[in-house]
Amino acid sequence: AATAGGHGAAAGERRLRPGEEVVVQRYIDRPLLLQGRKFDIRAFCLIASVRKPTLVLAYQDMYIRRSSEQYSEADLSERAAHLTNICVQKHHPRFGDDNVWSLEKLDAYLAKHPVARSDGESTVGESFVKERFLPQLDYIMTVVVRAGLADFEARRGCFQLLGFDVLLDQGGRAWLLEVNRNPDLQPHTRVLNELIPRLVDDTLTVATEVALALTPRGPPPSATPSPTSLLPQSRRSGNITGPLASPAMESVSSQGAQAQYPSSQPREHRRPPPVPPPPAPWSETAVLRAGGADADKTAREPTERAPSVAVPGPAWPIPSATRYKLLILEP
């Protein structure tokens, strides 16, 4: 605790210096509980590119972190009841699969134990996660990322995965707890063992495709050098022996006929496939393939979760068949 007054500081407090910046937080004392236990939601946000373009995506899979002890305001020092971080809870003797829920399990639970609406509207048949939580989460992520965009350094080929920790109160309002720039990716439980590898794979897929798409490519070379042109002159013909020799180089079978090597005839060298043409300049005809339920059946790799969203950019899919959805896109 800190005090700005001039009457000194009590035990555990210190005086603020003029111009000193502090963060003031308020404890959410009426959190929404799951079976009497406190929880928060870990969501992920990917900053795939910063400036020209700015591309930010939200991951549609997330998980719920539950405390190991029943919530009580009587003892705020009980870490296992008030801190839902896995780094804290994993040391509790009862820590296990029940500490981590999937988003689907949370939605199913809240369907049976609905959260009252502040406007008094009926909650019958309502999907709390889809209709009330996800719009709040998208807003929180957008505001937070936009607040820091000016300080992000634009480096080609780099990306940033952020972990957002969000708490729900008894009225269903989402509160941002913190943003982690190095989120935990360890598969501590069964739910995480399914989610984390998929998250890592989708993240690398998006980051790689975006980096390749934004990397300038030159025209294809006019001629591809022969592999033997790199050998000394004395070894460009005749028997190939020594470290470069291998059984595969001794004979080649083609349609039942045997061609022996070495031979007095020059060997036909296979050329690598031609270099693809460079992508079109940043235009208005690109297609961004992000995760979702309404799939685009004409996608390069058809999938049930890859809808198309028209965005500025060259005409290649970024990303394809992942669980990411578009959050911010600015040319």
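The following legends describe close-up views of a predicted model.

Local features require pLDDT of at least 70 and side-chain atom pairs count only at pLDDT 80 or more, whereas totals for chains, interfaces and linings use all residues. Residues are numbered from 1 along each chain as its sequence is written, and side-chain values use heavy atoms, with hydrogens and water left out.

View 1. Buried denotes under 20% relative accessible area, exposed over 50%, and partly exposed the range in between (1.4 Å probe, protein chains only). With residues up to four places away in sequence not counted, Leu106 is in contact with Leu34, Phe39, Ile41, Ile64, Trp101 and Val129 (contact: heavy atoms within 4.5 Å).

View 2. Asp202 belongs to helix H5 (residues 190-214). This aspartate is buried, at a relative accessible area of 4%. Not counting residues up to four places away in sequence, Asp202 touches Tyr59, Ala321, Thr322, Arg323 and Tyr324.

**View 3. The salt bridge between Arg37 and Asp98.** The whole structure holds 13 salt bridges, each defined by a side-chain nitrogen of Lys or Arg within 4 Å of a carboxyl oxygen of Asp or Glu. In one of them, Arg37 and Asp98 meet at 3.2 Å, N to O. Arg37 is in strand S4 and Asp98 in the loop between helix H2 (86-89) and strand S7 (100-102), 61 residues apart. Arg37 is buried, with a relative accessible area of 12%, while Asp98 is partly exposed at 35%.

**View 4. The salt bridge between Asp138 and Lys325.** The closest N and O atoms of Asp138 and Lys325 are 2.9 Å apart. Because Asp138 lies in helix H4 and Lys325 in strand S14, the pair ties together parts that are 187 residues apart in sequence. Lys325 is partly exposed, at 21% relative accessibility.

**View 5. The salt bridge between Glu153 and Arg155.** The closest N and O atoms of Glu153 and Arg155 lie 3.0 Å apart. Both Glu153 and Arg155 are exposed.

How values were computed: Helix = DSSP H or I, 4+ residues; strand = E, 2+ residues; numbered from the N terminus.
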